Number of protein chains: 2
Amino acid sequence: MDLDLRIKMNDRLFLRNPEDSVLGKKIVKHGLLLINKIGFEDFTFKKLAQEVNTTEASIYRYFENKHRLLVYIITWYWRFLEYKVLIGLNNVTDPKIKLQTIIKLIAEEPKPTQQQNDFLTETEAYQLVIWEGSKTYLTRNIGKDNKDRLFKPYKDLCESFAALIKEYNPKYKYPHSLASSIIEIAHSQNFFKQNLPSLTDFPKQQDDKKLIDFLLTLLFSTIAIN
Amino acid sequence: MDLDLRIKMNDRLFLRNPEDSVLGKKIVKHGLLLINKIGFEDFTFKKLAQEVNTTEASIYRYFENKHRLLVYIITWYWRFLEYKVLIGLNNVTDPKIKLQTIIKLIAEEPKPTQQQNDFLTETEAYQLVIWEGSKTYLTRNIGKDNKDRLFKPYKDLCESFAALIKEYNPKYKYPHSLASSIIEIAHSQNFFKQNLPSLTDFPKQQDDKKLIDFLLTLLFSTIAIN
DNA sequence: CATAAATGATAGCTTTACTATCTTTGTAAA
DNA sequence: TTTACAAAGATAGTAAAGCTATCATTTATG
């Protein structure tokens, strides 16, 4: 699936739009790679500056702090995923197949592709979401960040998902909670599978088949129409 | 439910056992309160030292760093919860009621009680789990920390939960994943309800009744025996 | 070609996250 | 009742993180 898309980013996320310059794109791209490599806690703008052959001060011209950079990348991913869902559901009419499709898109580890070398790559972004995604909102800044609409992409995705659930079974009482829960579970189970495998029933060295089966069963049994 | 219990803590968590001294207990108690107040990111041992009227250096004699203190409190909570489960399931034989009971114990916001004034309180610990719980393991130290068995209390709780699921339906394929998922969801939904309510279907100013209903339906529909 | 904007280079400041050392205090065995 | 020894206090110091400021130098743009 090739998507040549321009994702509109919330301009509260940056001081200078990173998409507008070579340096900006390098900051975001290598930011993603470096956070994945050393973890968000150990990640600093100084280290990133070295990777990108620039200075700390230059990075601060693009992003207020490392948290904003993190949110930038994570929300980019949510928007990207929503595009994928949009494309993936194109021409699909059966509500059941729609739900199966969205679950796969959410939970399946994306395959590495060649393109988009100069900006964010889906596979790396997916890893970032698994490891650092919840750190975007588990912060005392959540009130302010929410007012700045930083979480809109995530909310939109949940809303789309919830709409499909409602379409399948209009009487189900908790479509939003179910949607956000399944998204969260997909990532936490993926994390546990890699790092705390006894919390799952998935063999470490295996694809996401079982995880998807688990999620599909969970979803369809709870929204089943009796 | 009164529990006068002594929770055995993993001694890799501390340098000096905080339960053995007045200062140690104050550090842990006010550590919990202060993290809840200002958030883990802004929390420092220096600030805690001021709260407790001691010095930074003294706190470092008990805990290697703030992450260990966090894990200490969080794992204390998991152990505490497992005791509650143990007591709560005492004399219960019906597997269905067992599962209902454990869900309630996991998801229900504990009521404030008077006791345990000098150490950790359940209500505060519950808030900490919601806000900071996942930060215990979403770290590059997870491999080492896991070897030190820091996550054993959490694993044990999940294992107990999974065992009840297996008892109810021995044929269900994903008892561990389901157990850990429900625990995680309980907290993330609780967080969303407070902070990003559009991700849930629960009114902000209300008890956990709907959340528990959501979880119960989720659990029992997916493990239903056809 | 002029000029504005972006970047580089450098400096500096406050806070965090520790470690070290030395002194005082409180407690428990000799 | 001394003695001794561990816990805590007091103080200092260090490297890194997390910024902000300034000025010089490139690089785009009209």
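Analyst: In this predicted model, the largest share of the surface near DNA strand C, 3 residues, is supplied by helix 3 of chain B, where near means a heavy atom within 4 Å and helices are DSSP runs (H or I, at least four residues) numbered from the N terminus. Residues are numbered from 1 along each chain as its sequence is written, chains are lettered from A and ligands numbered from 1 in the order written, and hydrogens and water are left out of side-chain values, which use heavy atoms. Local features need pLDDT of at least 70 and side-chain atom pairs count only at pLDDT 80 or more, whereas totals for chains, interfaces and linings use all residues.

User: Which residues come nearest to DNA strand C?

Analyst: Of the 20 residues around DNA strand C, those are A:Thr54, A:Arg61, A:Tyr62, B:Tyr60 and B:Asn65.

User: How is the size of an interface often given?

Analyst: It is often given as the accessible area lost when the parts come together. Between chain B and chain A, the buried area (1.4 Å probe, summed over both parts) is about 4,200 Å², with 60% from carbon and sulfur atoms. In chain B, B:Leu138, B:Arg140 and B:Tyr174 lose the most area to chain A, and the side chain of B:Arg140 also meets that of A:Glu132 in a salt bridge at 3.6 Å, N to O (a side-chain nitrogen of Lys or Arg within 4 Å of a carboxyl oxygen of Asp or Glu).

Key:
Helices (H or I, at least four residues) and strands (E, at least two) are DSSP runs, numbered from the N terminus. Buried area is the accessible area (1.4 Å probe) that two parts lose on being put together, summed over both.
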